[in-house]
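Hi,

Here is the model I promised to send over. Have a look at it first, and my notes follow below.

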Amino acid sequence: MLPRPLYFPNHSSHLRRRSRNRRSSRRPKPEYERNIFSAFFALASAVLLAIAEAEPKWLHIVSGKCEGRYIGLYKVIAYKHPEELTSYCYTSTIVLLLRLVVALSCVGIVFSMFACLLDLCGTLNRCLKVVKDYSIGNVVTVVMCVATIIIVYMVTRILEEVGEEDSSDPAKVKFEISFCLVVAAGGSSVLATALSLVMHCYLHRMRERTQSDEELSLELMYSMVPADSISDVPPPAYSP
């Protein structure tokens, strides 16, 4: 019987695996595109909307039978039935509109915080990247702020129309601090959207430049003379 062949482990394959593992561990991690400035303004918008929703002073009735009273959102949330608010110069239509303002403010806060987290942390997901690059969360917040401003203006018109029944002392309504906070939140969301779009355009141009530089380097590499043809050329004659 023939002896069994000796088995020697292949150290070269083991070394190759080690080198591959080292190379894979040394690979740079993908960079997340962050936008700190846009995240700051998105966070500011969410904070301003939260303060405006908690602040009781939205409208101030300057004159009329309800002179000196403030119209806010806290009573709309606290009382369930609109009839309980008639003594505070709230009508059923005003209660409905102000509850809609509460809902729009909450939606604006949620979308602002979502946009802030995307700009602050970054993402590699394609869908979320599109949402982040085009600042869709901040755009929704701007729409919510504009809708809130329009609805509050409608409330002022209703209060003035109700106050016109007493011709001797017509009602006059003035905007208070919460209305100004909503306007500031909308402006902050506009700034966040602008900064996000500027960042997106800048990164897109940088990618185009790097891509064109890589294509140019490849063209130069392929246009070079191969080394084999250079080695065939005889060296110059030696002259003392």
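L43 sits in helix 2 (helices are DSSP runs of H or I with at least four residues, strands are E runs of at least two, both numbered from the N terminus). Before going on: this is a predicted model, so local features need pLDDT of at least 70 and side-chain atom pairs count only at pLDDT 80 or more, while totals for chains, interfaces and linings use all residues. Residues are numbered from 1 along each chain as its sequence is written, and side-chain values use heavy atoms, without hydrogens and water.

Back to L43: it is partly exposed because its relative accessibility is 36% (under 20% is buried, over 50% exposed, partly exposed in between; 1.4 Å probe, protein chains only).

There's an open, antiparallel sheet of three strands, ordered 2-1-3. Strand 2 (70-71) and strand 3 (172-175) are the edges with a single partner strand each, so one side of each lacks a neighbour in the sheet. Strand 1 (residues 59-63) pairs with strand 2 over two bridges (DSSP has to find at least two for a pair), and L59 has I71 as its bridge partner there.

L59 also turns up in the largest nonpolar core, 32 residues, among those with the most contacts inside it, along with W58, Y90, L98 and L159. A core here means buried Ala, Val, Leu, Ile, Met, Phe, Trp, Tyr and Cys residues joined through side-chain atoms within 4.5 Å. Helix 4 (92-121) is among the elements giving two or more residues, and gives the most, eight. A second, separate core has five residues, including A39, A42, A115 and C116.

Cheers
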